[in-house]
Amino acid sequence: MSEKDLQSVTDRLLQRAAPGRAEFEDIVVVPVLAVLVAIILGGLIMLATGVSPANIGKAFVALFNGSFGSLNAVSETLTAAAPLTLAGLGIAIAFRAGLFNIGAEGQVIVGGVAAVVVGFSFAGMPPIIHVPLALLAGAVAGAFWASIAGWLRAATGAHEVIITIMLNLIAMRLLDYLLRNPPIQKEGRADPISKNVLPSAELPHLFDWLDPLMRVHAGIFVVMLAVIFIWWLLFRSTIGFEFRAAGLNPEAARYAGMRSGLIIVLVMALAGALAGLAGANQVLGVLGRVSPNFSGGVGFDAIAVALLGRSHPVGVLLAGLLFGALQAGGRQMQVDAGVSLDVIAIIQALIIIFIAAPMLMRGVFSFAFAKQSKR
Amino acid sequence: MAAPFQEVQSVRQGARSLDIELRAITKRFGDLVANSNVNLSIRGGEILGLLGENGAGKSTLMNVLSGFYRPNEGQILIDGKQVQFSGPGDAIRAGIGMVHQHFMLVPVFTVAENVVLGVEPTGPVDYLDMKKAREQVRTINDEYGLEVDPDALIEDLPVGIQQRVEILKVLFRSAEVLVFDEPTAVLTPQEVTEFYKIVRMLRDAGKALVFITHKLHEIHEVADRISVLRGGKIVGEGFPGKTSDKELAEMMVGRPVTFNVAKGDFKPGATLLEVKNMTVLRDDDSVAVDDVSFSVRSGEIVGIAGVQGNGQTQLEEALSGLRRVTSGTVKFDGADITNSSARALHRMGFAHVPEDRQHSGMVSDFSIAENMALNTYYAEPFSHGIVMDWKTVRETSARNAAAFDVRTSSIYKPAGELSGGNQQKMIIAREMSRNTRFLLASQPTRGLDVGSIEYIHKRIVAARDEGDGVIIISSELDEILALSDRILVMFKGRIVAEFADGVRQPSKNEIGLAMAGAVA
């Protein structure tokens with residue numbers, strides 16, 4: 001081939017095809033339909049459980065009002081979305097590397113505890129140091145906790161799903177123990193509760209000058225930074241390239257000279273750091289202290305968030321916002337229409353089922369999809 | 001189910017011989033036309049050779065015939081009567097049987113058990129009559145001289161015999177038309193000869209046979225009539241002996257093809273790679289490579305022949321840093337590289353084309369550009385520190401894809417969407433577009449079409465002519481013979497024979513015997 005021909009072929013190959021219809025369907029149509037269908041089915045379930053049609057209507061209005069209907073509602077949505085997104089990122093990055101990190105819940109717990117310890121210590125430290133230090137403590141603790149699973153997986157081949165489940169249970173019991181003993185238990189209390197985070201370690205509320213009830217706090221900046229950082233890491237760095245290669249084809253990664261053991265430990269540490277940050281975020285921004293079940297299952301909901309977000313940082317952010325909205329709106333629903341909060345859990349579960357079964361969506365809503373060309 | 005047995009009986013009494021007509025068959029998958037207006041006749045007592053490159057539509061056509069696919073247009077006529085198959089079951093009942101490239105046998109079952117599987121002779125209360133089954137299998141076995149022991153366990157049988165079990169299975173279901181999909185790919189040269197005998201005997205017994213292949217010499221050897229498929233269409237017909245290889249290849253590829261690999265003069269330099277007493281274990285700690293020693297000089301192609309599973313895979317892995325060498329040493333250019341990592345070897349200028357390209361040579365879901373950087377991503381110019389330089393990666397990939405004839409519309413496409421030949425060219429492009437000193441290529445052209453094989457062979461020879469040391473591991477004897485300056489034969493983990501070009505040109509038969517373990 002002559003130099004000129006070679007150049008022209010090269011130029012042609014460098015052209016990127018416009019994003020195809022299939023991609024659009026995968027990224028947009030399927031999730032949107034999944035959410036819509038889940039909400040409709042949620043309505044049917046309410047009907048089946050004896051909620052009157054009028055009340056169901058009220059419930060959906062409340063669901064919207066409680067999530068996006070007012071500034072305060074948006075604030076609640078963002079507050080709920082923050083830990084879900086952070087922990088969701090941690091699960092997503094593990095997915096990308098081919099690891100199933102069920103352990104976010106435990107990592108959230110140890111992260112929260114570490115943040116609270118730093119948060120109630122160091123009286124007199126300026127907030128500009130105290131807040132980052134407490135966040136860092138949460139991240140490091142989460143990273144350490146998850147690395148145990150990563151290290152066991154890399155060194156012995158023990159499956160990370162089982163180890164992270166075990167680590168979850170250990171973290172929960174550890175929390176119970178710590179909350180009943182000094183130095184973490186609050187002085188003079190018999191019930192399991194920790195000391196309060198010092199004001200200098202609190203993530204400041206952003207709009208309390210507007211309305212003291214607005215709980216949204218500086219943690220959302222941490223979330224934004226995390227989303228951007230993880231996106232950069234996955235798609236713009238050599239480390240992310242290794243993660244993705246190892247996740248899609250571990251044999252090929254090995255062939256290419258990547259060190260799979262190191263990748264596993266690194267990914268788990270990073271996933272744990274993000275989940276730990278989620279715990280710290282809750283403790284420093286919302287709760288101010290640690291109590292049993294303070295994590296509220298964030299680490300498990302985050303699995304759904306990562307799945308719905310297709311393990312893409314931006315997708316995880318959007319999914320986190322949706323789940324945050326469902327939580328915030330669900331509380332309003334309970335108050336206004338007397339519908340149980342469990343309906344929200346059902347809707348969330350339905351969303352995941354539909355996301356996990358895209359062929360079902362394609363079959364039922366064939367009009368929304370282009371004809372399958374191959375297979 | 002007693003019916004099949006009765007049919008078998010009836011067949012044996014009055015052998016019916018089927019004539020099959022495929023008329024204007026068109027099969028589309030979405031926008032892709034796999035078969036377009038194909039006419040084909042298959043007659044009893046004749047072997048039809050169906051020749052075509054990968055992706056020419058051979059398998060699709062045969063899947064239409066055997067009921068796996070329904071054609072969009074066209075008809076299938078059996079003895080002049082139009083039939084419609086709604087599944088493979090219909091085709092089998094009509095007497096059409098397929099012998100797949102990958103055997104579908106239960107390894108822990110006996111031959112008889114495998115043969116009757118799904119159509120077992122039963123007595124009252126669904127009693128499984130194995131005695132009857134064995135008798136039936138033995139009858140067919142004797143009738144066609146297949147020489148298979150009905151009581152042998154499949155896992156104990158060599159591949160060639162396993163293939164006969166597949167044939168038995170089809171015959172047991174009273175097939176009159178037998179379709180063989182690339183039947184020789186897994187056989188040793190001796191087994192191939194045996195296989196030809198069986199095929200001819202089936203023909204003489206009045207069966208109609210379709211022999212799918214992309215290998216020209218096979219078609220000459222065994223077919224009575226040849227049809228060539230290209231781009232889903234029948235592009236020509238021929239007769240063995242009358243139609244030349246050149247004509248057939250041109251029909252198949254659509255342009256003139258050169259068969260002989262043009263090699264420069266053999267001017268070997270200093271010894272590059274030296275393997276001494278190397279032993280390598282399998283995952284289950286059995287010995288795969290047993291105390292092997294050999295060397296490769298600069299500018300030399302060493303071909304390692306052998307039937308698959310005789311330690312070549314582990315040898316390849318050990319030489320590429322993917323498997324531990326248990327004992328012995330490997331030296332490269334005088335330096336000890338025993339158990340060096342894959343990356344260290346890559347840095348030294350090793351190019352490695354792995355045996356199973358999709359399994360380990362590439363990431364199917366990665367774009368072509370990402371795959372082209374799969375093992376060079378960590379260094380300049382593709383990354384700076386830990387920051388990937390995607391612009392450089394893409395530009396280099398596009399240039400290499402163009403230079404190595406990787407046919408695609410864009411380097412953003414997932415590598416998994418490329419055809420096998422283009423995937424392999426992509427891997428070759430990645431491995432050989434750098435400054436290399438050594439090339440280790442395992443099964444470099446397995447399953448590829450004539451055009452891609454020609455191109456890849458040219459590249460391998462070019463590396464050798466530039467002074468690289470080259471090892472080719474292949475179970476394809478023709479490839480070994482065409483490329484190698486020196487041939488080593490592996491059997492049960494040992495090198496059992498060495499044939500040096502120039503000293504004595506080995507015959508195919510000699511190498512074949514060594515591959516089967518019979519060392520002269």
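**View 1. Salt bridge between Arg244(A) and Glu370(B).** In this predicted model, the side chains of Arg244(A) and Glu370(B) form a salt bridge with an N to O distance of 2.8 Å (a side-chain nitrogen of Lys or Arg within 4 Å of a carboxyl oxygen of Asp or Glu). The rule finds one salt bridge across the interface of chain A and chain B. Local features need pLDDT of at least 70 and side-chain atom pairs pLDDT 80 or more, whereas totals for chains, interfaces and linings use all residues. Residues are numbered from 1 along each chain as its sequence is written, chains are lettered from A in the order in which they are written, and side-chain values use heavy atoms, without hydrogens and water.

**View 2. Interface of chain A and chain B.** Contact (heavy atoms within 4.5 Å) links 32 residues of chain A with 42 residues of chain B. Between them the chains bury about 3200 Å², 63% of it on carbon and sulfur atoms; this buried area is the accessible area (1.4 Å probe) lost on putting the two parts together, summed over both. Leu13(A), Phe241(A) and Tyr255(A) supply 25% of the area that chain A buries against chain B, more than any other three residues.

**View 3. Helix H10 of chain B, residues 312–319.** Just after H10(B), Gly321(B) adopts a positive phi of about 80 degrees.

Notes: Buried means under 20% relative accessible area, exposed over 50%, partly exposed in between (1.4 Å probe, protein chains only). Helices (H or I, at least four residues) and strands (E, at least two) are DSSP runs, numbered from the N terminus.
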